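Student: I'm new to reading protein models. Could you walk me through this one?

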Amino acid sequence: MGWGLRNRLSRIFRPSDGRTLMLAIDHGYFLGPIKGLEDPKKTITPLLPHVDAVMLTRGVLRNCFDPSMQQSVVLRVSGGNTIDGPVLGDEEIVTSIDDAIRLNASALAFSIYVGTEYEHQTLKSLAKLVDMGERYGIPVLAVTAVGRELEKRTTRYIALACRVAAELGAHFIKTYYTDDFEKVVNSTPVPLVIAGGPKMEREEDVLRLAYDAIRAGALGLDFGRNVFQSGNPLGMIRALNRIVHEGATPEEVADELNLKVKV
Ligand code: 5RP
């Protein structure tokens with residue numbers, strides 16, 4: 001791994017503990033203006049000091065954030081479909097490596113749709129992106145997407161998708177937490193960060209998911225809706241930061257940050 005690539009990874013995974021708290025706000029690329037992200041600048045700016053990296057598209061980055069921001073950018077470079085289209089998964093690379101470099105991206109994010117008719121297309125694009133990333137020293141984050149089929153998130157499926165992404169050269173992977181997550185960690189030779197998934201009713205369940213995932217070997221979180229759609233986004237991101245970087249328990253962060261939850 002070259003110097004530039006390692007340097008960019010170190011802006012995402014904090015060198016002091018090797019972990020990362022990312023904030024996913026890329027949803028608009030196929031969902032449009034979802035609740036909490038109608039005005040990304042307003043909702044997200046107060047949360048930035050508590051995260052290591054933000055995952056977003058070039059359009060939101062350019063138009064909603066100040067170039068002096070210190071958090072690293074994980075640039076969503078896949079797209080080309082919407083929730084109103086015939087099917088999710090028909091994605092391609094929609095942002096050039098030149099633009100990613102201009103935006104000083106620390107990583108490129110691309111979704112793969114294992115087990116769908118778009119498996120081949122998205123896996124090939126992932127491999128192509130890795131080749132480009134290696135050429136210019138930019139790491140690639142593979143996202144194991146399931147579209148509307150949330151029930152697909154079994155240990156077997158997640159282990160398959162993560163291993164395939166790593167074999168194709170992804171430098172780190174965003175995936176879902178499952179039971180037996182240690183098995184996924186042990187069979188995937190690159191770091192894993194966890195998606196939050198659809199908004200959960202109970203905030204204590206979000207904290208528990210975060211804690212269990214880190215304890216099982218995930219090296220970070222990349223939650224979106226469970227942060228910016230929370231009743232208390234600032235409290236939630238601070239709580240997640242402490243779970244990731246201080247090893248705090250859900251009980252500790254619920255009390256200290258007054259999240260009004262009983263764990
Ligand atoms: C879809 C994605 C999302 O756009 C997003 O990053 C998911 O984050 P969350 O599930 O925590 O809201 O990656 O596959």
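Student: Which residue is the bridge partner of Ile 194 in E10?

Tutor: Strands are DSSP runs of E with at least two residues, helices are runs of H or I with at least four, and both are numbered from the N terminus. Two strands pair if DSSP finds at least two bridges between them. Here, Ile 194 has Leu 221 of E10 as its bridge partner. Strand E9 (residues 192-195) and E10 are joined in the parallel sense over three bridges.

Student: Where do these positions come from?

Tutor: Residues are numbered from 1 along each chain as its sequence is written. The model is predicted, with local features needing pLDDT of at least 70 and side-chain atom pairs counting only at pLDDT 80 or more, while totals for chains, interfaces and linings use all residues.

Student: What else pairs with E10, and how many bridges join them?

Tutor: Strand E1 (residues 20-24) runs parallel to E10, with four bridges joining them. Thr 20 stands opposite Gly 220 there.

Student: Which way do the residues of E10 point, and are they buried or exposed?

Tutor: A residue is buried if 20 or more other C-beta atoms lie within 10 Å of its own, exposed if 12 or fewer, and partly exposed in between, with C-beta atoms placed from the backbone. In E10 (residues 220-223), Gly 220 and Asp 222 point one way, Leu 221 and Phe 223 the other, and all are buried.

Student: What kind of unit do E9, H9 and E10 make?

Tutor: Look with the strands pointing away from you: a crossover is right-handed if the path from the first strand over the helix to the second runs clockwise. E9, H9 and E10 make a right-handed β-α-β unit.

Student: How do I read the length of H9?

Tutor: The expected span of a helix is 1.5 Å times one less than its number of residues. H9 (residues 203-215) has 13 residues and reaches 19 Å from its first C-alpha to its last, close to the expected 18 Å. Its buried residues include Glu 203, Val 206 and Tyr 211. Just after H9, Gly 217 has a positive phi of about 120°.

Student: Which residues come nearest the ligand?

Tutor: A residue is near a molecule if its C-beta atom, placed from the backbone, lies within 6 Å of it. Of the 14 residues around the ligand, the nearest are Ala 24, Ala 145, Gly 196, Gly 224 and Arg 225.

Student: And how many helices and strands are in the chain?

Tutor: The chain has 12 helices and 10 strands.
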